[in-house]
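Please report on the packing, salt bridges and surface of the structure shown here.

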Amino acid sequence: MMDRETTGATSKTEIILGPAGSGKTERLLARHRQALTTGEIGAALWIAPTHRSAAEVRARLLAGNFRGCLRPGVMTFAQFAEQILSASSTAVQPISTLVKRQIVRRLILSRATNKQLTYFAPIAGTVGLTDLICELISELKTQEIWPDEFEKACKTRGMGPKDRDLLAIYSDYQEHLNQQQLYDAEGRFW
């Protein structure tokens with residue numbers, strides 16, 4: 001666990017280590033309560049790994065003499081990313097998994113209609129291909145592999161017709177999201 005304290009132009013990083021039950025969390029909770037009490041709204045941030053652990057931290061914050069707090073600053077990394085996006089000067093909107101599938105399906109069918117698919121042309125209208133490409137896009141984006149990086153990797157191993165089709169659809173998909181100022185679950189952190 002790290003506790004970072006910043007005052008003025010100087011900052012201090014303190015690493016708190018110890019076995020389970022040694023008081024690490026209680027110490028951090030006390031520091032967090034202090035920041036919430038003495039600082040401005042938003043002065044404290046606690047990023048928890050899961051919604052359940054964030055809820056537990058929020059409940060533990062209210063234990064003892066701490067009466068309450070409107071914005072405790074306890075959230076998951078995904079919730080933190082959502083707050084950053086909502087505060088951005090650029091209006092971007094999330095898309096659901098269903099909308100993602102519809103976009104990918106439309107892009108596949110458009111390429112097939114325009115005879116821009118070779119390897120996947122015979123199965124362009126199938127649900128299986130849509131599933132395959134949605135899974136590939138999710139995996140690539142989870143690994144933070146942009147279309148241009150995917151292209152370099154494909155070229156390195158010798159790009160074939162399958163790679164060209166996958167790259168074209170992935171590029172089309174990401175370009176569509178960028179043009180429409182949309183993001184999917186995996187791209188939220190980009």
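A salt bridge is a side-chain nitrogen of Lys or Arg within 4 Å of a carboxyl oxygen of Asp or Glu. This is a predicted model, in which local features need pLDDT of at least 70, side-chain atom pairs count only at pLDDT 80 or more, and totals for chains, interfaces and linings use all residues. Residues are numbered from 1 along each chain as its sequence is written, and side-chain values use heavy atoms, with hydrogens and water left out.

**Salt bridges**

The structure holds 10 salt bridges.

Helices (H or I, at least four residues) and strands (E, at least two) are DSSP runs, numbered from the N terminus. Burial follows relative accessible area: buried is under 20%, exposed over 50%, partly exposed in between (1.4 Å probe, protein chains only). Asp131 counts as partly exposed at 29%. Arg101 is also in that class, at 26%.

Glu14 is buried because its relative accessibility is 17%. Arg27 is partly exposed, at 42%. A network of salt bridges links Glu14, Arg27 and Arg31. Arg31 lies in helix H1 and is partly exposed, with a relative accessible area of 21%. The C-alpha atoms of Arg31 and Ile95 are 37 Å apart, across 64 residues of chain.

Arg157 is exposed at 60%. Asp163 is buried at 7%.

**Helix H6**

Which residues of helix H6 are buried? In H6 (residues 147-156) they are Pro147, Phe150 and Cys154. They cover an arc of only 55° around the axis, so they lie on the same side of H6. The arc is that of the directions from the helix axis to the C-beta atoms. An α-helix has 3.6 residues a turn, so residues three or four places apart point the same way. On the other side of H6, Lys152, Lys155 and Thr156 are exposed. The cover over the buried residues of H6 includes helix H5 (127-142) and helix H7 (161-180). Gly158 follows H6, with a positive phi near 90°.

**Cores**

A nonpolar core is a set of buried Ala, Val, Leu, Ile, Met, Phe, Trp, Tyr and Cys residues joined through side-chain atoms within 4.5 Å. The largest core has 21 residues. Those with the most contacts inside it are Ile103, Val104, Ile108, Ile133, Ile137, Phe150 and Tyr173. Helix H4 (97-113), H5, H6 and H7 each give two or more residues to this core. H7 supplies the largest share, 6 residues. A second, separate core of 12 residues includes Leu28, Leu29, Trp46 and Val57.

Ile137 touches Lys100, Val104, Tyr170 and Tyr173 (heavy atoms within 4.5 Å), leaving out residues up to four places away in sequence.

**Surface**

Leu45, Ile47 and Phe77 form a nonpolar surface patch, with about 270 Å² of accessible area together. Patches are made of residues with over 30% relative accessible area and no salt bridge; like charges are joined within 9 Å, nonpolar side chains (Val, Leu, Ile, Met, Phe, Trp, Tyr) within 5 Å. Accessible areas come from the Shrake-Rupley method with a 1.4 Å probe, and for residues only the protein chains shown count as cover. Leu45 is in the loop between helix H1 (24-38) and strand E3 (46-48). Leu45 is partly exposed, at 41%.
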